[in-house]
Each structure stands twice: as structure tokens, then as C-alpha cells.
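Welcome to this short tour. Please open the model in your viewer, keep the selection tool at hand, and follow the stops below.

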Amino acid sequence: MGKEIRFGVIGAAYMGKAYAIALSSVSTIFELPVRARLEMIATTDAKGAEKKAGAFGFARSTGDWRKLVADPDVDVVGIGSPTWLHKEMALAAIAAGKPVLCEKPLSLSARDAHDMALAAERAEVKTLVGFNYMRNPATQLAKQMIEAGEIGDVIHFRGTHNEDYLMDPSSPMNWRLKAKYASRAGALGDLASHIVNLAHYLCGPIVEVVGESQTVHKARPAEGGVLEPVENDDQTNFLAKFMSGALGAFEASRIAAGRKMGLTYEVTGTKGALFFDQERLSELQFYSAGDASNRRGYRTLLIGPEHPDYGSFCIGAGHGFGYNDMIVVEMKDMILGVTEGKPLWPTFRDAVHTASVVDAVLRSQDERRWVKISEIVGELS
Ligand SMILES: NC(=O)c1ccc[n+]([C@@H]2O[C@H](COP(=O)([O-])OP(=O)(O)OC[C@H]3O[C@@H](n4cnc5c(N)ncnc54)[C@H](O)[C@@H]3O)[C@@H](O)[C@H]2O)c1
């Protein structure tokens with residue numbers, strides 16, 4: 001590896017670009033033992049990949065992701081391709097002994113996630129899943145405050161991930177709407193998985209769920225304007241019980257008018273509460289029942305250099321933090337995990353929990369009952 005850690009990235013759209021932005025700046029923002037190098041990018045065609053390599057700053061490109069995985073000058077593989085391709089690509093990288101950063105949702109099912117986690121464990125390959133929202137300094141602060149007992153015992157988690165990017169019924173068909181490419185979990189797999197992962201991070205594992213999902217726009221225009229069926233949900237609601245005994249309520253939607261990035265959570269404890277809204281991602285709201293009774297109310301904690309990771313970006317408090325900054329933190333963690341053995345979270349194994357919760361909600365809605373996560377996990381081994 002020498003003085004550089006060389007990344008190969010598969011996919012050059014939304015996430016491929018986010019990875020390139022993060023890799024370009026991570027070594028400037030953080031003091032790292034090695035510099036990140038944008039070694040190679042892969043897409044579906046060689047010409048397109050070459051163009052993206054030029055735009056994003058990668059040294060080389062390929063139209064064949066297998067060449068990227070096998071290349072001796074690629075140390076770490078980043079997977080930002082559509083979800084149905086994650087398993088095959090990650091297993092190939094693991095077989096080549098290369099650490100993998102893979103986008104969420106990790107796979108199409110808990111079964112696939114389990115196979116991927118097992119392969120990585122057997123090969124002793126480091127893994128990380130791109131559930132980047134927990135890397136926000138505000139959420140890292142929330143975790144510290146919960147662990148320090150500042151809101152007492154956690155009794156409730158409420159999480160939402162609502163967006164409206166598919167609220168127009170004439171929005172064209174795409175891979176995210178097909179079971180084969182994105183599973184039967186639509187907003188449930190794409191969006192609720194983020195909030196389930198955050199709940200896991202802040203409140204521990206979930207043990208049981210009951211839920212209901214719905215496809216509101218049942219067909220969308222494919223090529224030539226022909227209507228094709230939508231094969232997964234537009235919106236989902238579910239209740240959960242945590243191992244700690246706390247209760248949870250979750251909702252996710254891709255057709256929630258007016259919500260652009262409506263990822264929010266509220267963690268309620270016996271002595272206070274925390275509230276976060278991704279549309280105001282530099283703020284954490286804190287309510288303390290310990291305040292004088294005539295001064296009680298949610299107050300805004302504005303993140304600054306004393307909160308995790310912020311100070312590496314900027315020494316001034318309150319200057320803000322952004323979506324791409326969370327991915328820079330993710331890259332920093334990945335690099336330290338690979339070079340110094342720093343524990344990574346969420347690994348493929350941690351993402352098996354998220355995938356199991358998603359599968360349990362699917363089963364709950366099919367069978368109209370509460371489903372234990374252990375029921376899903378029990379079928380994996
Ligand atoms: N963590 C986040 O915040 C976040 C945000 C958006 C998307 N995602 C996840 O990232 C993944 C990709 O999403 P996207 O929106 O970038 O998808 P997209 O469909 O817009 O782009 C996918 C990219 O993968 C490439 N690709 C497709 N098939 C390929 C193949 N066989 N070989 C090489 N490259 C191939 C395409 O050329 C394209 O560049 C999904 O799993 C999605 O859930 C995560």
C-alpha cells in the first residue's frame with residue numbers, strides 16, 4: 001500500500017460521484033497515515049467510464065468492473081452500483097482479499113446480506129456499509145449524550161425518512177421500482193433502511209416489528225410510454241420493539257409531498273429527549289427535564305469543533321456541515337479501519353440486522369402479524 005491507499009470505485013452516478021468528492025478531500029481534511037488515491041472507476045461502458053475518470057479525477061477507468069476488482073493497484077473497492085449488483089461485486093472483491101465499502105441497502109434480502117457478511121468474516125476482509133447519516137457530528141453527539149445518560153433511559157424512538165422524488169405518477173420506471181433489482185421493499189428498503197440503521201446505532205437492536213406498506217402509484221411509464229407495474233412499496237409504516245425494551249415507530253415514503261430529505265428522529269428518555277432533522281443537519285435539539293420548570297423547552301445545540309469530526313473540517317463553530325461531508329467522514333473511517341484496524345460500523349454483519357428488520361416488515365405485512373427478528377435470522381444459518 002505504501003504511502004497511498006488506492007481506491008477503485010464501481011458506479012459513477014449519485015454515489016460514485018459522492019465517493020469521488022470524498023476521496024478527493026479526505027486526506028486534506030483528516031491527518032491520515034496514507035493519502036487516498038483515486039485509482040480507477042468502472043461503469044458499464046469503457047467510453048463513459050473514461051469520461052467520468054477525467055471529470056472526477058481517477059487515474060484509470062474501465063467498462064468491466066471485474067478488471068477493477070482484480071487490478072493489483074486497487075487496494076480498496078467502493079461499490080456505488082445499483083443494489084442488485086452489490087452481492088456479486090462484493091463477493092468478488094472479498095475473494096480478491098480487498099476491503100469493501102458497499103452502498104446501502106447492502107443487498108436484496110437478509111439472506112444475501114448474511115452470505116456477504118459470512119464471506120467477509122471467513123476471508124477476514126474489512127467491510128463498511130454506506131449508511132452515512134450516523135456519521136453526522138450531530139448524530140455522533142446524540143449517541144454520546146444517550147450513552148452518558150443525559151436523557152435517562154431511552155423509552156421511545158420515532159424515525160422518519162420521507163422524500164417526494166417519486167410523487168409524480170408520470171415519473172418514469174426505473175430499477176428502484178422493480179423487485180428483481182431493488183427487492184419487494186421499495187421505500188422500505190431504500191429509505192427506511194437508513195432510519196433502521198440509525199435506530200440500531202442510537203438505541204441498539206430491534207427484536208420485533210409489525211408493519212404495513214403500500215404502493216400508491218401502481219404503474220409507471222417505461223420506454224415508449226408503455227405503463228409497467230411498480231413492484232415495491234411507495235410508503236411504509238411500522239412499529240418496533242427494541243431489545244432494550246424501548247418502543248419504536250417508523251415511517252418512510254418516496255411520495256411524501258413537500259419532504260425533500262425528511263429523515264428525522266426523536267429519541268425520548270426518562271429525563272429528556274433529542275430531536276434531529278436532516279434538513280437542518282448542523283443542529284441537534286435537546287430537551288432536559290432537569291431545567292428549571294419555567295425554562296423547559298427544546299434547545300438547539302449547533303455543532304462545532306468540539307463535536308466529533310467537525311473540527312477537522314472547520315475551526316469555526318456553527319459554519320455548517322453537509323451531506324458530502326458525512327461521506328468524507330465515512331472514507332476517513334474506512335481508511336483508518338484498513339490501515340490501523342480501527343473498528344468499523346456498520347459492517348456487513350451489522351447490515352444483516354437492518355436487512356432482517358426490512359424482511360421482517362415484509363413478512364409482517366404479508367401475514368398480518370408481529371414478526372420477531374430472530375425468526376428471520378434463525379432461517380439464515
Ligand atoms: N448512502 C446514500 O446516501 C445513498 C444515496 C443514493 C443512492 N445510494 C445507493 O447507492 C447505490 C447506487 O445508487 P445511484 O443512485 O448512484 O444509482 P444510479 O442508477 O443512478 O447509478 C448507478 C451507477 O452504477 C453504474 N453501473 C450500473 N451497472 C453497472 C455494472 N454492471 N458495472 C459497472 N457499473 C455499473 C452505472 O453506470 C451508474 O454510474 C444504490 O444501492 C443506492 O441505494 C445511497
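Select Y133 and show its surroundings: once neighbours within four places in sequence are set aside, Y133 is in contact (heavy atoms within 4.5 Å) with T139, H161, H194, L198, M261, L263, Q278, Y323 and M326. You are looking at a predicted model, in which local features need pLDDT of at least 70, side-chain atom pairs count only at pLDDT 80 or more, and totals for chains, interfaces and linings use all residues. Residues are numbered from 1 along each chain as its sequence is written, and side-chain values use heavy atoms, with hydrogens and water left out.

Stay with Y133 and colour by secondary structure. Y133 sits in the loop that runs between β6 (127–129) and α6 (137–147); helices (H or I, at least four residues) and strands (E, at least two) are DSSP runs, numbered from the N terminus. Is Y133 buried or exposed? Its relative accessible area is 6%, so Y133 is buried (buried means under 20% relative accessible area, exposed over 50%, and partly exposed in between, with a 1.4 Å probe and protein chains only).

Next, go to P105. From Y133, P105 is 28 residues away in sequence and 13 Å away in space, C-alpha to C-alpha. P105 belongs to the loop between β5 (100–102) and α5 (110–123). Zoom in on the bond between K104 and P105: this peptide bond is cis, with omega at about -20°.

For another cis bond, select W345 and P346, where omega is about -5°. P346 is in the loop between α10 (323–340) and α11 (348–367). As background for this stop and the following ones, most peptide bonds are trans, and most residues other than glycine have a negative phi.

Now turn to backbone phi. You will find D309 in the loop between β16 (299–302) and α9 (310–313). D309 counts as buried because its relative accessibility is 17%.

Then move to R368, in the loop between α11 and β17 (371–372). Here phi is also positive, near 55°, in a residue other than glycine. R368 has a relative accessible area of 58%, so R368 is exposed.

Finish with the cysteines C102 and C203. C102 is buried because its relative accessibility is 0%, and C203 counts as buried at 12%. How many disulfides does the structure hold? The number is zero, taking a disulfide as a pair of cysteine sulfur atoms within 2.5 Å.
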